[in-house]
Amino acid sequence: MNAAFLSSLAENYHWLATLYAIAGLVIATLAGKVVTQLIPTLKAADRLNKDTLAKKMERPSYAENQAWNRKWGGIFVVLIFGLIVPFTVTLETQSWSQMLIDGLVILFVYDFFYYLMHRFLFHDSAFLGGPLMWVHAVHHRQHNPCRQDSSFIHPIEVALGLGLFVSTIFFLSLLMGSFHVVTFVVTWTAFSQINLHNHTLWTSDRFPFKYMNYLSRMHHNHHAKFTGGNFATITLLYDWMFGTLDNGDGWKKRAAAQRKAATEANAG
Ligand SMILES: [Zn+2]
Ligand SMILES: [Zn+2]
């Protein structure tokens with residue numbers, strides 16, 4: 001490695017911005033905990049999910065998996081924040097509209113690739129045959145997950161999920177320029193909170209919680225059986241686009257019926 005390359009690496013390694021990002025994520029998490037206790041619907045869901053988790057943790061095999069995952073998750077996060085994030089974030093001023101667009105682009109691009117990974121690598125598919133089904137099967141042991149089951153996964157899946165998210169941020173930062181720390185904190189928080197929420201046992205279907213109820217119900221449909229649909233994680237946009245929405249009755253039969261109807265319409 002020559003000196004010029006090393007000095008360019010050092011120049012682009014934004015450690016101070018990364019420290020701000022870490023502080024921002026800690027503050028957002030703590031603020032989230034406070035808000036949860038202030039809103040009765042959130043507080044009730046929090047109680048229900050904590051009680052369910054406590055019951056599950058009584059089973060040694062379950063507690064072992066959670067501990068296994070926490071260890072590997074911690075290692076991956078340290079590597080990500082030490083080696084990748086510093087090259088993607090900046091403290092230079094950016095407009096609010098720029099930050100909003102950046103955040104949305106990151107989430108929608110990530111969700112597209114996550115959809116493909118989940119559908120074609122983690123599940124049985126005619127296209128690739130689901131080469132990583134054995135990895136994802138661990139996560140699907142939970143047929144009716146609670147909030148913490150978002151991290152009941154094989155460490156390989158933790159690496160792939162976090163790796164895909166941070167790779168999306170890295171490659172987009174090369175195309176679009178470094179992301180403001182605020183964009184990074186809000187986007188990372190949205191990514192992790194939505195993922196947690198999808199697994200949350202949720203009971204309220206009243207305004208303004210209808211969408212939260214929908215997201216939770218749809219991901220629980222996915223967990224109910226290994227052949228279910230709803231492969232995306234941030235929104236169900238790609239499931240809607242590619243015909244894999246699952247309202248509890250699967251998606252394959254409906255998709256096949258739609259194909260048949262389309263062929264008959266063409267033939268007629
Ligand atoms: Zn799955
Ligand atoms: Zn899940």
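I take angles under 35 degrees as roughly parallel, over 145 as roughly antiparallel, 65 to 115 as roughly perpendicular and the rest as oblique. The axes are lines fitted to C-alpha atoms, for helices over the stretch in contact, and angles run from 0 to 180 degrees between N-to-C directions.

Conventions. I am working on a predicted model, in which local features need pLDDT of at least 70 and side-chain atom pairs count only at pLDDT 80 or more, while totals for chains, interfaces and linings use all residues. Residues are numbered from 1 along each chain as its sequence is written, and chains are lettered from A and ligands numbered from 1 in the order in which they are written.

Entry on α8 and α9. I looked up the packing of α8 (residues 181-199) against α9 (210-224), helices being DSSP runs of H or I with at least four residues and strands runs of E with at least two, numbered from the N terminus. The angle is about 65 degrees and the axes are 7 Å apart, and α8 and α9 are therefore roughly perpendicular to each other. His197, Asn198 and His199 of α8 meet Met212, Leu215, Ser216 and His219 of α9, contact requiring C-beta atoms, placed from the backbone, within 7 Å. I count by class two nonpolar, five polar and no charged residues there, with Ala, Val, Leu, Ile, Met, Phe, Trp, Tyr, Cys and Pro as nonpolar, Asp, Glu, Lys and Arg as charged, and the others, Gly among them, as polar.

Entry on burial in α8. I find Asn198 and His199 among the buried residues of α8, which also include Phe184, Trp188 and Phe191; buried means 20 or more other C-beta atoms within 10 Å, exposed 12 or fewer, and partly exposed in between. The elements covering the buried residues of α8 include α2 (15-38), α5 (96-122) and α7.

Entry on α7 and α4. I then turned to α4 (residues 60-83) and α7 (residues 155-176), which pack at about 25 degrees with axes 9 Å apart, and α4 and α7 are therefore roughly parallel to each other. The contact includes Trp68, Trp72 and Phe76 of α4 and Val158, Leu162 and Val166 of α7, and by class it has nine nonpolar, two polar and no charged residues. Val158 and Val166 are also among the buried residues of α7, and what covers the buried residues of α7 includes α4 and α8. After α7 I noted Gly177, whose phi is positive, near 95 degrees.

Entry on Ala4. Ala4 lies in helix α1 (residues 3-12) and is exposed, with 8 other C-beta atoms within 10 Å.

Terms used
Contact = placed C-beta atoms within 7 Å. Expected span 1.5 Å × (residues − 1).
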